[in-house]
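Colleague: Can you walk me through this one? I have a few quick questions.

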Amino acid sequence: MESARLDDGIRSTDGFAAHARVSAVRLGYIQDPFVSLFVPRARNLPTHAPLINIGTYVRTTSIDQLVESFLTAGSPEVKRQIVSVGAGSDTRFWRLSTGPLQNAVARYVELDFPEITTKKAMSIRKSTQLSSVLGSDVKVVKGGTGITSAVYHLLPVDLRQSVEMTLEPLVASETPILSPDLPTLFLAECVLVYMTPESSASIMSFFSRTFKNAFGIIYEMFSLGDSFGRVMRDNLRVRNVELPGAEAFPNLDSIRNRFLSAGYTAAEALPLSVIRREYVSGTETQRIAKLELVDEYEELELVLAHYALAWGSKLEDSLSPDLEAE
Ligand code: SAM
């Protein structure tokens with residue numbers, strides 16, 4: 001009973017993330033024509049406070065930049081693979097597939113709990129705008145909990161189970177979805193914090209040992225042991241959300257090290273507060289400053305200082321992605 005309540009809590013975080021995107025899109029922080037197609041009654045949801053919208057802006061655009069850098073570094077002849085673990089209602093596949101890099105991706109795999117993938121599969125089937133992007137060879141699989149097509153694959157898994165059950169079938173089944181020879185990105189956007197460090201380490205190691213060229217992006221809360229971090233944790237606890245993965249990563253070094261000890265050869269980590277100040281262009285900073293009146297910059301800094309964007313690679317030199325400072 002207790003574990004069912006906690007798993008419901010974890011799954012409910014997808015609603016928070018999707019709502020945050022709806023709010024940021026409505027106010028013009030980010031553009032995403034697909035977000036509302038995954039969120040029932042999106043129009044009726046209230047907008048968030050500026051602090052949350054700015055956080056969503058920095059998170060989304062910096063991850064976009066890293067993904068784009070991964071897709072464009074090295075030869076355009078070599079296609080890439082992306083695996084989004086705990087993808088929730090993320091729309092990145094649709095945004096990429098309708099943008100200038102649509103031909104760069106050979107496979108895009110999304111994994112989440114069956115309760116979440118079932119809802120996502122239903123939204124895709126209901127919307128021509130979403131399903132038309134998948135092409136003609138679309139199949140509903142695993143009793144309606146998954147979808148496969150030429151490029152896009154949505155599959156139900158509990159990522160806390162062993163990688164032999166969850167990730168290895170992607171490369172080792174009779175008809176593998178992923179090729180070990182293609183450069184492969186795993187994206188864990190606000191996901192690993194909900195599982196133990198042991199579970200997340202085995203997911204990260206799977207990618208570095210399986211693919212000749214592996215790149216990983218993690219976005220996560222960290223440094224939750226200080227007084228503000230404890231408030232953030234308590235706020236989640238009242239919504240039944242526990243963070244078993246938070247203790248082990250008190251600072252940026254510990255986040256970098258989780259990549260290095262999982263077989264990656266280079267790693268970087270930055271707090272969102274630094275990314276907002278040093279990596280968002282002047283034009284963009286001016287544009288978003290006009291969207292809403294912000295009188296809570298101190299609190300904004302404090303919140304953003306508790307979220308980290310980290311990336312790690314085991315790649316040939318020619319393939320090295322990076323975030324570009326202003
Ligand atoms: N990555 C998406 C985004 O940024 O919009 C969703 C983030 S949401 C905060 C966390 C997601 O991770 C939820 O959809 C949740 O169901 C999923 N998740 C957490 N633990 C998981 C697990 N053990 N197995 C599968 N999915 C998991």
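Colleague: What is the strand order in the open sheet?

Modeller: This is a predicted model. The open sheet has nine strands in the order E3-E4-E5-E2-E1-E6-E7-E9-E8, and the pairing is mixed.

Colleague: Which are the edge strands?

Modeller: Strand E3 (139-141) and strand E8 (266-271), each of which pairs on one side only.

Colleague: And what does the twist average from one strand to the next?

Modeller: The average is 15°.

Colleague: In which sense do E4 and E5 pair, and over how many bridges?

Modeller: Strand E4 (residues 146-148) pairs with strand E5 (residues 152-156) in the antiparallel sense, over two bridges. Ile147 is placed opposite Leu154 in E5.

Colleague: Where does Thr145 lie?

Modeller: In the loop between E3 and E4.

Colleague: Buried or exposed, that Thr145?

Modeller: Thr145 counts as buried because its relative accessible area is 16%, and the cut-off for buried is under 20%.

Colleague: What lies 2.6 Å from a polar atom of its side chain?

Modeller: The backbone oxygen of Lys142.

Colleague: Leaving aside neighbours within four places in sequence, what is Thr145 in contact with?

Modeller: Pro114, Thr117, Thr118, Leu154 and Pro156. Leu154 is also the residue that Ile147 stands opposite.

Colleague: Switching to helices. Which strands does H10 lie across?

Modeller: Helix H10 (residues 252-260) lies across strand E6 (184-189), strand E7 (214-221), E8 and strand E9 (307-314).

Colleague: How many residues does H8 have, and what span does it reach?

Modeller: H8 (residues 197-210) has 14 residues. From first C-alpha to last it reaches 20 Å, close to the 20 Å expected at 1.5 Å a residue.

Colleague: Which residues in H8 are buried?

Modeller: Ser199, Ser200, Ile203, Met204, Phe206, Phe207 and Ser208.

Colleague: On to packing. In the largest nonpolar core, which residues touch the most other members?

Modeller: Met221 and Leu309, in a core of 65 residues. Helix H2 (residues 50-72) supplies the largest share of this core, nine residues.

Colleague: What is Met221 in contact with, leaving aside neighbours within four places in sequence?

Modeller: Cys190, Val193, Tyr194, Met232, Leu236, Leu243, His306 and Tyr307.

Colleague: And which residues does the second, separate core include?

Modeller: That core has 34 residues, among them Leu111, Leu178, Ile218 and Phe249.

Terms used: Residues numbered from 1 in each chain as written. Predicted model: local features only at pLDDT ≥ 70, side-chain atom pairs only at ≥ 80, totals over all residues. Heavy atoms only, no water. Pairing = 2+ DSSP bridges. Helix = DSSP H or I, 4+ residues; strand = E, 2+ residues; numbered from the N terminus. Axes fitted to C-alpha atoms, helices over the stretch in contact; angles between N-to-C directions. Contact = heavy atoms within 4.5 Å. Buried < 20%, exposed > 50% of the residue type's maximum accessible area, 1.4 Å probe, protein only. Polar contact = N/O pair within 3.5 Å; in protein donor to acceptor, adjacent residues only side chain to side chain. Expected span 1.5 Å × (residues − 1). Core = buried A, V, L, I, M, F, W, Y, C linked by side-chain atoms within 4.5 Å.
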